[in-house]
Amino acid sequence: MAHNSNCAQAERPRCECDCGGARHGCQGAFGIAGSSAGAVREYIDQREKDWYTRPSRTNGGQAAIGCARADVVHWLHRDRDLLECAKATQETAFENAAGTSTRGMVLRGLSEHLGPQRMQEFQGWAGRTHFWCELLAQMACAVAQYEKLKARMFRTLEDVLVQRQVQALPEGLRRSGVIPLTVWSAWRYVLEPIVVTSAVGTLATLLARGEVQPLLWPIRVIAVLMCPDASDHDAVRKYCWEPIVRHGSAEVRQVVRARLAQEFPGNLWFPQAGGVLGGT
């Protein structure tokens with residue numbers, strides 16, 4: 001199934017189109033965040049309704065993540081600089097619009113490398129295994145550990161993606177070098193637009209100084225908006241939802257944090273009701 005508006009505007013899990021999850025839900029979330037306060041409030045209210053009514057095939061964890069996702073949209077509505085940075089980054093890396101030479105650079109380069117048939121095969125595998133949001137979550141983790149990793153960042157990210165305990169990458173795709181190519185391409189086309197849009201200097205300067213925080217928040221925001229079901233994705237919860245829920249600027253509501261703690265009792269990174277927020 002070709003990528004379509006249902007996927008781009010998705011507000012709940014499940015994605016079966018050929019974007020492999022790389023464009024799941026982002027356009028819709030960014031659109032709501034950039035619109036009126038009333039539209040944002042309506043979105044929050046709908047996710048609250050989902051928590052209590054549990055739409056078909058929606059479990060408690062998914063409903064809680066939906067409420068937290070609504071709070072992230074509200075955060076972006078209030079912080080327009082972060083909204084524009086995350087939106088420009090997501091478009092540059094993943095929005096593969098026809099006739100637009102500066103968008104969808106990760107998918108474009110990957111498609112040219114693999115060809116149509118293997119690209120379709122890869123995106124099918126990527127959708128089933130949460131590959132794209134996993135890649136972003138692991139990027140957030142790697143950047144956060146920059147002082148420890150430095151020159152090993154690329155190789156570390158490749159190793160983690162290859163060794164994930166999920167459905168194995170078909171041998172033909174593994175031999176094609178698809179993982180190293182996606183890692184290299186994502187580092188370039190995710191980080192560069194963050195730096196340009198944020199006007200925080202050059203990427204080389206930021207990394208040399210170890211000033212990685214401006215890079216982390218847009219990556220985390222894209223990952224949590226992109227992930228079709230974070231209730232079943234540990235890395236997105238740990239490396240992206242944890243710092244967002246704990247970060248004061250996101251202002252994830254206390255009631256939502258309590259729901260997350262209820263639905264994910266083994267995930268200690270979600271503050272318990274009445275817990276203290278803090279840290280990055």
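## Salt bridges

A salt bridge is a side-chain nitrogen of Lys or Arg within 4 Å of a carboxyl oxygen of Asp or Glu. With that in hand, let's walk through this predicted model. Searching the whole structure turns up 14 salt bridges. One of them joins the side chains of R41 and D45, with N and O 3.2 Å apart. Both residues sit in helix α3 (residues 37-53), four residues apart, and so are separated by about one helical turn. R41 is partly exposed at 41% relative accessible area, and D45 is also partly exposed, at 40%.

## A link across the chain

What does E48 pair with in a salt bridge? The partner is R253, and the closest N and O atoms of the two are 3.0 Å apart. This pair connects distant parts of the chain, with E48 in helix α3 and R253 in the loop between α15 and α16 (254-263), 205 residues apart. E48 is buried, with a relative accessible area of 14%, whereas R253 is partly exposed at 25%.

The pair also belongs to a wider arrangement. Salt bridges with shared partners join E48, D71, R253 and R259 into one network.

## Aromatic rings and charges

The whole structure contains seven aromatic pairs. In one, the ring centres of F122 and W125 are 5.7 Å apart and the planes meet at 35°, so this pair is tilted. The two residues are three apart in helix α7 (residues 116-129), which puts about one helical turn between them. F122 is buried at 0% relative accessibility, and W125 is buried at 4%.

F122 has another ring partner, F131, and this aromatic pair is edge-to-face, with 5.3 Å from centre to centre and 75° between the planes. F131 is buried as well, its relative accessible area being 0%. Ring pairs bring F94, F122, W125, F131 and W132 together as a cluster.

Two arginines are worth a look beside tryptophan rings. R54 lies over the face of W51, 4.5 Å from the ring centre. The charged end of R220 is placed over the ring of W217, at 4.7 Å from its centre.

## Cysteines

How many disulfides does the structure hold? The count is zero. C133 shows why: its sulfur has its closest cysteine sulfur in C227, 3.7 Å away, which is too far for a bond, because a disulfide needs the two sulfur atoms within 2.5 Å. C133 is buried, with 3% relative accessibility. C67 is another buried cysteine, at 0% relative accessibility.

Finally, take a look at D229, which is placed in the loop between α14 (213-226) and α15 (234-246). Is D229 buried or exposed? D229 counts as buried, at a relative accessible area of 16%, because buried means under 20%.

One is with the side chain of Q62, at 2.9 Å. Another reaches the side chain of S231, at 2.4 Å.

How values were computed. Residues numbered from 1 in each chain as written. Predicted model: local features only at pLDDT ≥ 70, side-chain atom pairs only at ≥ 80, totals over all residues. Heavy atoms only, no water. Buried < 20%, exposed > 50% of the residue type's maximum accessible area, 1.4 Å probe, protein only. Polar contact = N/O pair within 3.5 Å; in protein donor to acceptor, adjacent residues only side chain to side chain. Phe/Tyr/Trp six-rings, centres within 6.5 Å; stacked < 30°, edge-to-face > 60°. Lys NZ or Arg CZ within 6 Å of the ring centre and 35° of its normal.
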